[in-house]
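Please consult the sequence and the model shown here alongside the text.

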Amino acid sequence: MANNRASGLAKTSPILIIGAGVFGLSTAIHAARRGYTNITVFDRQSYEQSNYDFDKGCDAASADINKIVRTAYGDEIDHQEMCTEAIKEWREWDQEIASGKDLPPGMTTEDRVFVNNGSLSLSATQRLDMYEVDSIEGMRAAGLRKSALVTTDEKDQTEASKQGFAYALDPFRREEKGLPYIGLLDTTGGYAVADNACRLALHKAKRLGVRFVFGERRGTLKELVYRDESRTDVTGIITEDGSVHSSSLVLLACGGWTPALVPQLDGITEATAGSVALVKIPPTSRLRERYSEKNFPTFQFRMYGGSNGGLYGFACDNRGLLKIGYRGTRYTNPLVQQDGKERSVPITRWTLPHRTDKIAAHALAVINQFIDEEMPDIRAEGLGITRTRLCWYTDTFDDHYIIDYVPGSTSLMVATGCSGHAFKFLPNIGKHVVDIWERSGTDQLPKSRWLWRRLREGQKPDNIIMQGSAGPNTLSKANMVLAGQEATLAKL
Ligand SMILES: Cc1cc2nc3c(=O)[nH]c(=O)nc-3n(C[C@H](O)[C@H](O)[C@H](O)COP(=O)(O)OP(=O)(O)OC[C@H]3O[C@@H](n4cnc5c(N)ncnc54)[C@H](O)[C@@H]3O)c2cc1C
């Protein structure tokens, strides 16, 4: 029996992964590829029925229609390299689908998981943000200069046209409106078709021998079974149906639900809500073509614009859904937990006993203003936001994932802290998770960033987390509104 010396884990040891989102799925695939033969993934969602569709009861961050894929990663070259590797795999996954061999149930050769319509980070000024300057530098050093194009640079405009991305340089037609703009167009990027991608990953994991247990009773982690009162090592889990599952390793990959499950994560990570709005474009509208992936890039707009910026969005999908997200303010839902401490817990349109379809009035107003100013043709057709929802990040104080054993434990790990940017790594993040559980290469980037850590003395946090009910951005303090209640900034 092969033993992994670092963790003492045999390849046949029972491993339980809780959560079948990006982290859980990717880890399951890579662990199985590395020869682990006894892996079970639990999730409270019945993904085999819902197919990761947020209209069918799903509320994980991973269960979505689209997520940005970009190589441009500022000065974080390790992430840039990871994305280059991921995009190669995204393309291979699409080739597999197109070949029609071994498709997940219900998928056809017409389906895709990656759309390369360009990823544009645009600001409403005439100066590139520092992040984009660093991205250009990083991509240039990696031989990707022709994929990192400045929207207002003539040579880059010619290059964009040559590559078929002319449409992506000024998607909001700011030039003809006489408005300033400049941006970085990453022509390697675009978006992942999120629900399809998760379905495919689930299918791949099953083919590799991973077992899945889904559902509110059988699939839901109720409690961890600790070895002793020190509450560090675990011997397994108990699910909501009362079943006990023994294990050598439990990996918690529960997204926004993880911080409330692992109190040791206090001060490191917190569940925060992003706000998402959908505009439904009717099949007969000319806007279907205007905002199709052939004519419209994946975009981020005024990402450094504070609470009135932080917008991103996508081309209209084949159902006519155009998604615009707002992350300028991330909201919390602090609730007192069993140990008396407050931790932010996700609330969505599917959570019980409390659920919501609403988003904060400020978030809706920023998105509405963006549509008014940048996409006025939507208004001209009498269209607007038809639906809203909260989608839960797991923010860390430094915007990096947290993937490690809980301190003192050799049997309990977490893989979370998405901080809004892990979807693109669905094909390859799991490789690093397995490296970390095997304690292999953990002194190297990117893994060294993701190990257990705390805010150091004098370190400035990227995100101020765990302010509890005293924090400024709790949902209870926000005026929550529905899509039809057209909040505007002027009225607030
Ligand atoms: C609004 C928003 C926009 C984003 N945009 C992008 C983007 O454009 N590009 C990008 O790369 N990344 C993006 N991300 C980040 C990306 O979506 C996440 O990094 C990724 O989906 C997180 O996956 P996860 O597995 O950690 O969590 P999740 O996807 O939330 O999955 C957690 C799973 O755990 C399950 N679970 C929870 N509790 C239990 C329990 N007790 N028992 C059993 N199962 C349980 C849940 O049902 C769920 O399936 C975005 C995130 C958000 C929130």
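The C-alpha centres of domain 1 and domain 2 are 27 Å apart. Domain 1 comprises 3-65 + 194-267 + 398-450 and domain 2 comprises 269-396 + 467-491, with bounds that come from an automatic or database domain assignment. The contact between them (heavy atoms within 4.5 Å) takes 30 residues from domain 1 and 28 residues from domain 2.

The model is predicted: local features need pLDDT of at least 70 and side-chain atom pairs count only at pLDDT 80 or more, while totals for chains, interfaces and linings use all residues. Residues are numbered from 1 along each chain as its sequence is written, and side-chain values use heavy atoms, with hydrogens and water left out.

**Overall dimensions**

- Along the principal axes, the C-alpha atoms fill a box of roughly 65 × 50 × 45 Å.
- The accessible surface comes to about 20100 Å², and 49% of this belongs to carbon and sulfur atoms; areas come from the Shrake-Rupley method with a 1.4 Å probe.
- Of the 492 residues, 59% count as buried, that is, under 20% relative accessible area (1.4 Å probe, protein chains only).
- Among contacts with a separation of 6 or more, 73% join residues 24 or more positions apart.

**Nonpolar cores**

- The largest nonpolar core has 72 residues, and Phe23, Trp90, Ile403, Ile429 and Trp437 have the most contacts inside it; such a core is a set of buried Ala, Val, Leu, Ile, Met, Phe, Trp, Tyr and Cys residues joined through side-chain atoms within 4.5 Å.
- Because domain 1 and domain 2 both give residues to this core, it lies between them.
- Apart from this core lies another, of 48 residues, including Ala273, Ala315, Ile347 and Met480.
- Beyond its neighbours within four places in sequence, Ile429 is in contact with Val22, Phe23, Ser26, Met82, Tyr401, Ile403 and Trp450.

**Secondary structure and helix α10**

- The chain contains 13 helices and 26 strands, defined as DSSP runs (H or I, at least four residues; E, at least two) numbered from the N terminus.
- Helix α10 (residues 361-374) has 14 residues and should span 20 Å at 1.5 Å a residue, which agrees with the 20 Å between its end C-alpha atoms; the expected span is 1.5 Å times one less than the number of residues.
- In α10, 10 of the 14 residues are buried, among them Leu364, Ile367, Asn368, Phe370 and Glu374.

Terms used: Buried means under 20% relative accessible area, exposed over 50%, partly exposed in between (1.4 Å probe, protein chains only).
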